[in-house]
Amino acid sequence: MFYNIKSYALFVYLLLIAALINGCGPDQKDKKLPAKYSIYVLAKDGKNYLLQYNTLDSGVLKPTTDGIALDTLKMGRSLIVSNHCYYYLNSKTALFSKYKVVGATLKVISALPVKDFTIENFTWLKGDTLLLTGLNLPGYNRAEYMLVNTALMKVIKRGFLNIPGPTGHFETMSLGFTEKRGNSLLIGHTYHASQDIYNFGTSDTLYVSELRYPEMELVSISKDTRSTYPGGQNTVQSYSSRDENGNYYFISCPGIALGNRPELPSAIFSIKKGAVAPDKNYFFNLSASKIQNHVYGMWSLTANKVIVRTERKDLFKGLNDHYKTAHFEYYVLDLKTKAIQKLDLPLDRGTRKQCVIVQGNVAYIAISSAKDGNYIWKYTIADGVLKRGLRLTDDTDFILRIDTLGK
Amino acid sequence: MSVNKELLERYHLDACSVEECREIEEWLFNNEGNELKLAAGADKKALKSDIWKNIQSDLPEEPQVTKARSNSYYMWKGAIAASIFFFLSGTIVYSLHPSKIAIVNLNNNSAAQVRQVSSGGYNVAVGPNTTASIDDEMHVIDLNGSLLISTEKDVELVFEGTGKKVNFKKGQTYIILKNREGAKDIIMVNKENLLDLPPIMQRQINTHFDI
């Protein structure tokens, strides 16, 4: 078989290399365990990969070999992940599809035709009932909703939300959060004006509309000028939290990467339990705090604490490098005492990411560092200890999402 | 006595008498000898072909016959090779230093429609109201407007008058926006990072390029 000693040596060497490469992936024992987590990666080869794994505490995954390469013409990262299924609305094909990973492929379980609609927020109501609030396409100037039974993949109801559309020089609008309280639906929103593709602005006011559910009739609108751009698309990132008493908190994002009213502060607002408008006496101004920067993203940590993701204006130049420069920091905030604690993590990359999972006493934070590689960091809430967990190999550019696969 | 199959077999086995051997050899070397007597029903042609096949399989391959070449042959061969060499060299030099500058024009006067251009290894959707060009020789891009661009090879270009470099990886798609002078106002993102741009900007890009 081997013509000389050299070819034999080369063969043995290649075998060793192959064994080493295989050793970097999850071992067979781990692969057989049922997956609990989903990881969505943009790799350096420009492709999106979906990975599933049974732990975020340790191990190494290589997206290009352990992941499923996604066809982004069909599915992207603005996802709803629940009970081992992925839901995605493709505006181009006008299909709202339900996917599941079967073996080494992503399979379409079923799909619903949904024309001229774009999702701004999703909210799970009872069981498999999903409320999608969004805007008309291509106008982005009329608020609409869709109630979907995700088990049957049937539209229960689709209609308009009785929220005023843009007027005057405002041409489009955004819905930033949707919170259902008994027979009311509270929807945060604001309006936009665009001179051209490069120049756009947001109203200096944020609005909270109270609608009667399920009629979707407008009951009241509150205006707040302390900041603007309430919340954001929660299919891409989280912007809200609830405390132990049922009070709702949302973040305003007027920084250049969302509202583009950087002169206004990023702040946390509260809607008390039973109330239908932001509490005039509660305003957690993060830009004026020691954070001194704009904030994008907020996740519930404990009953009264949240994690926020903040930019560093001294480290990026503009929109061109905002997403690729490592400049994002994480802070733990106490919503009651307004105490602020910076987490000792490497600077993160990527403007919008669904990168925090909280499970019991542990928070997992996905960091795509420029110097320290791509890790899921494990933050123990009780003692504040931060440790590196699962590593994504260096073919990873950004960890764009981490999700739990259970309900 | 006549030569037959049985006799020939015995001859090869050295079992013939002196008389028989002499007769067989006489038959073998005499072109006008008696015909070989075949068994009844045997086809002479088929038998010949069978024998030839058996012999052919044992023969060495026919050696390549090298014809003797004349001096003029070698002279012409050298001349043709030299001509091909000079022609190819000229083509390569020409392609590296074309007399005309390779400029891909990317202008779109339409206020609403995107213009599709595939030229010089660039596949481009030119946004409305855009004036742009790529000088492929000088590796310079000039842009006022918006482009959705993918290249057939890895390319590095410099924005005209700014010194700002952009790198395109083969097969990946990029969105470039620029409408004022100066490098600060250039936005270039990989299409896969589109969700990192402000949603209001994304909506316009999606509408512009029908993404």
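Strand 16 (residues 206–212) of chain A is mostly covered, with five of its seven residues buried; a residue is buried if 20 or more other C-beta atoms, placed from the backbone, lie within 10 Å of its own, exposed if 12 or fewer, and partly exposed in between.

Strand 16 of chain A also pairs in the antiparallel sense with strand 17 (residues 217–224) of chain A, over seven bridges, and A:L211 has A:L218 in strand 17 of chain A as its bridge partner. These two strands form a hairpin with four residues between them, and A:M216 in the turn has a positive phi of about 65°.

## A five-strand open sheet

Chain A has an open sheet of five strands in the order 3-29-28-27-26, with mixed pairing. Strand 3 (60–61) and strand 26 (356–359) of chain A stand at the edges with a single partner strand each, so one side of each is left without a neighbour in the sheet. Strand 28 (residues 374–380) of chain A runs antiparallel to strand 29 (residues 386–392) of chain A and is joined to it by five bridges; A:Y375 stands opposite A:R391 of strand 29 of chain A.

## Domains and confidence

An automatic or database domain assignment divides chain A into domain 1 (1–31) and domain 2 (32–404), whose C-alpha centres lie 43 Å apart. The pLDDT, which is the predictor's confidence in each residue from 0 to 100, averages 92 for chain A, and 92% of the residues score at least 70. Over residues 5–30 of chain A, however, pLDDT stays under 50.

## Contact between chains A and B

The contact takes 24 residues from chain B and 28 residues from chain A, two residues being in contact if their C-beta atoms, placed from the backbone, lie within 7 Å. On the side of chain B that touches chain A, strand 9 (187–190) and helix 5 (199–209) of chain B are the elements that give two or more residues, helices being DSSP runs of H or I of at least four residues. Helix 5 of chain B supplies the largest share, eight residues.

## Conventions

Residues are numbered from 1 along each chain as its sequence is written, while chains are lettered from A and ligands numbered from 1 in the order in which they are written. Because this is a predicted model, local features need pLDDT of at least 70 and side-chain atom pairs count only at pLDDT 80 or more, whereas totals for chains, interfaces and linings use all residues.

Note on methods
Two strands pair if DSSP finds at least two bridges between them.
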